[in-house]
Amino acid sequence: MSGAASRACPKDTLLTQFADLGLDKPILKTLAAQGYETPTPIQAQAIPYVLEGRDLLGIAQTGTGKTAAFALPIIQRLIHRKRPAPRRGARCLVLSPTRELASQIADSFRTYGQGLGLGVAVVFGGAKYGPQVRALAPGLDVLVATPGRLLDHLGEKTCFLGETEIFVLDEADQMLDLGFIVPIRKITQHLPKSRQNLFFSATMPGEIGKLAGELLKDPAKVSVAPQATTVERINQQVLFVEGARKRELLVELFANPELTRTIVFTRTKRGADKVAKHLEVAGVGAAAIHGDKSQGQRERALAAFRAGRVRVLVATDIAARGIDVDAVSHVVQFELPHVPESYVHRIGRTARAGADGSAIALVADDERPLLRDIQRVTRQTIPALDRRRDPALAVMAKANKALDQQDGGWEPQPETASAKPRPQARPQARPQGRAPGRPQGHGHGHGQAHGQHGPGQHPRGEGQANRQPRPEGQASRPQGRAPNRGGGGRRFAGG
Ligand SMILES: Nc1ncnc2c1ncn2[C@@H]1O[C@H](COP(=O)(O)OP(=O)(O)OP(=O)(O)O)[C@@H](O)[C@H]1O
Ligand SMILES: [Mg+2]
């Protein structure tokens, strides 16, 4: 837990043990095996309410264990009131904004519920229907889904939610925001009126909080820290730089060996591809993940990053929420997001579960209003360094520009330019500058983009663009992760 969380938390919850929360022995045993020593504040405060059957709105910072805060008591309730799941139905439905997060949540349920005989499945777009239909057919204890594909199943009557007992919205503010609210409303029409509703997020802007209030019945409200509080242990920094020099600055950053496992966020899918390519050319192993990649490419990129086969994951906001990768050392924002809450989620991919981390935002002059919004929403001033008119970057930029003119590499070039012969391969020609990137293995996932959406089309981010209740071509299910893959005890700092 972070310092901010512990200050905001009632004193008695700091001393709480999992055994004090009313959880059964088999679950306690699993937690011990996972190395979870003490509950985090959101777990200590939310679990008793969920066990009572109360509706709940839970707000806590990124990486503080919200998944277990709902999954553990849900598992216990399902076990205590053991009954067969309805055919094609699910006793508990969890909705998530992205496929990768849905997979991860399903894996958490499987891990926390191991040995208890729970039926858990995940359905999302981009995957084949057949296996999903077969998984749904006998009925499930826990179904984790993205809204679009779930609506397809409801429409085809391959899924039935009329007897669902518990409904969870993870990343609730995003799920209730413009991009998702229509599918969510449609899905709730399939749910029984009498049910338990659990909404969780690290952010909850006021107007969306009101909407959440309309869907919750007499909810318990647990707010470990004010919404949109960033994790204290994240060392945040802004670098002011000319937009045209960002790529040089980015490569320079990777000369620092402390950037062991880094996520670079871009605003657009095309930008993600370009940044990944640029890093690769500079010798920094990178894979890109965004909504125009095939599901296979998305899975391979995330798997390569998780396994440490690439040093950098270049991502759109598709990876901003909920994704839990161990030991992410740095988050770099190549561009600031249009929605200030996204900043909180993006940087929250580091400094999870009590670890430390750093977040660096590259800010061009025209992004200053976005920075102001972020600082207002997060109630902080982020330390800034001015790298504009930096001579070292200017030298690198000049060399890059010459290369671009040769091969049309960075900025879109007229067709005639790209038709010019390429006298020299880029890696040799690129100057090392004052801070060359560390050579890395080759990344994955620079696949063809298809169906490109205009960058400004949905200012609230790409995760929401995945909302279409339409099949999307996909090969297989992503590899999720177990909640704890490390050995030994795990304790949040100060918790
Ligand atoms: N009590 C605990 N003790 C130790 N580690 C824990 C505990 N609870 C959760 N964790 C670990 O903390 C990490 C973050 O948990 P989780 O993904 O649930 O965070 P979150 O609050 O949902 O974050 P986000 O807002 O980014 O979705 C996971 O790796 C999880 O295994
Ligand atoms: Mg989460």
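These legends describe close-up views of a predicted model. Residues are numbered from 1 along each chain as written, and chains are lettered from A and ligands numbered from 1 in written order. Local features need pLDDT of at least 70 and side-chain atom pairs 80 or more, while totals for chains, interfaces and linings use all residues.

**View 1. The open sheet of 7 strands.** The strand order is E3-E4-E2-E5-E6-E1-E7, with parallel pairing. Strands are DSSP runs of E with at least two residues, helices runs of H or I with at least four, both numbered from the N terminus. Pairing requires at least two DSSP bridges. Strands E3 (120–123) and E7 (220–223) stand at the edges, each with a single partner, so one side of each has no neighbour in the sheet.

**View 2. Strands E5 and E6.** E5 (residues 166–170) runs parallel to E6 (residues 196–201), joined by 5 bridges. Asp170 stands opposite Phe200 in E6.

**View 3. Helix H5 (residues 66–80).** H5 has 15 residues and spans 22 Å from first C-alpha to last. The expected span is 21 Å, taken as 1.5 Å times one less than the residue count. Of its 15 residues, 12 are buried (20 or more other C-beta atoms within 10 Å of the residue's own, C-beta atoms being placed from the backbone). Among them are Phe70, Leu72 and Ile75.

**View 4. Helices H8 and H10.** H8 (residues 147–156) packs on H10 (residues 178–190) at about 40°, with axes 10 Å apart. Axes are lines fitted to C-alpha atoms over the stretch in contact, and angles run from 0 to 180 degrees between N-to-C directions. Contact means C-beta atoms, placed from the backbone, within 7 Å. Contact residues include Leu151 of H8 and Ile187 of H10.

Definitions and conventions
Contact = placed C-beta atoms within 7 Å.
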